[in-house]
Amino acid sequence: MEDDPGMSTAVAAIHTLLEFMNQNSAETLSELRENLKAVIEALTKAEGSVTSISSGCELFLRFITLASLDNPDFQECKRVLLERGQLYLKRAASARKRIAKLCDSFIKDGATILTHSRSRVVVEILKMATEQKKRLNVYITESSPDKSG
């Protein structure tokens, strides 16, 4: 996250899970899943954005294990899981720009926008609108206790 301040905590957690999967010495799918759950628990305790990390990691686990892994060779299963994990990460990392493109038609020139707190997605939407020379009035309410608005 230091290298990319725009990266969300959930995406950073998924990077961590993929790195963990690469280095983990589990010998069964069940053991790997339990180890991943332990890492997720540690991540949610270490970071302030517990909900986003927990939700992102749970979606990640569901995505990588969605299709059946019928191959009896665990190393092949692990390779497939890592491949799916990379795909999930790529989709998650590009979601902000895709959402901004979808919202473009809703942001009209001269619009007044009210948003609560800070949101990377909203910032991306506003950047896109300003690149298109749209004039906007933006009100951002302050959230407590972190005053992130």
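These legends walk through several close-up views of a predicted model. Residues are numbered from 1 along each chain as its sequence is written, and side-chain values use heavy atoms, with hydrogens and water left out. Because this is a predicted model, local features need pLDDT of at least 70 and side-chain atom pairs count only at pLDDT 80 or more, while totals for chains, interfaces and linings use all residues.

View 1. Helices here are DSSP runs (H or I, at least four residues), numbered from the N terminus, and strands are runs of E of at least two. Helix α2 has 18 residues and reaches 26 Å from its first C-alpha to its last, close to the 26 Å expected at 1.5 Å a residue; the expected span is 1.5 Å times one less than the number of residues. Look along α2 for L32, L36, V39, I40, L43 and T44, which are buried. Buried means under 20% relative accessible area, exposed over 50%, and partly exposed in between (1.4 Å probe, protein chains only). The face of α2 turned away from its buried side carries the exposed residues S30 and K45. Among the elements covering the buried residues of α2 are α1, α3 and α4.

View 2. In α3, the buried residues are I53, G56, C57, F60, L61 and I64. They cover an arc of only 135° around the axis, which puts them on the same side of α3. T51 and R62 are exposed on the other side of α3. Cover for the buried residues of α3 includes α1, α2 and α4. L61 belongs to α3 (residues 50-64), and it counts as buried because its relative accessibility is 2%. Leaving aside residues up to four places away in sequence, L61 touches R33, L36, K37 and I40; contact means heavy atoms within 4.5 Å.

**View 3. This view turns to the nonpolar cores.** A nonpolar core is a set of buried Ala, Val, Leu, Ile, Met, Phe, Trp, Tyr and Cys residues joined through side-chain atoms within 4.5 Å. Of the 24 residues in the largest nonpolar core, L17, L18, M21, L32 and F60 touch the most other members. The elements giving two or more residues to this core are α1 (9-23), α2 (29-46), α3 and α4 (74-103). The largest share of this core, 7 residues, comes from α1. A second, separate core of 7 residues includes A100, I113, M128 and A129.

**View 4. Finally, meet N24 in its loop.** N24 lies in the loop between α1 and α2, and it counts as buried because its relative accessible area is 13%. The side chain of N24 makes a polar contact with the side chain of N35 (3.2 Å). A polar contact is a pair of N or O atoms within 3.5 Å; within protein, one must be able to donate a hydrogen and the other to accept it, and residues adjacent in sequence count only if both atoms are side-chain atoms. Not counting residues up to four places away in sequence, N24 touches L32, N35 and K78.

Notes:
Arc of directions from axis to C-beta.
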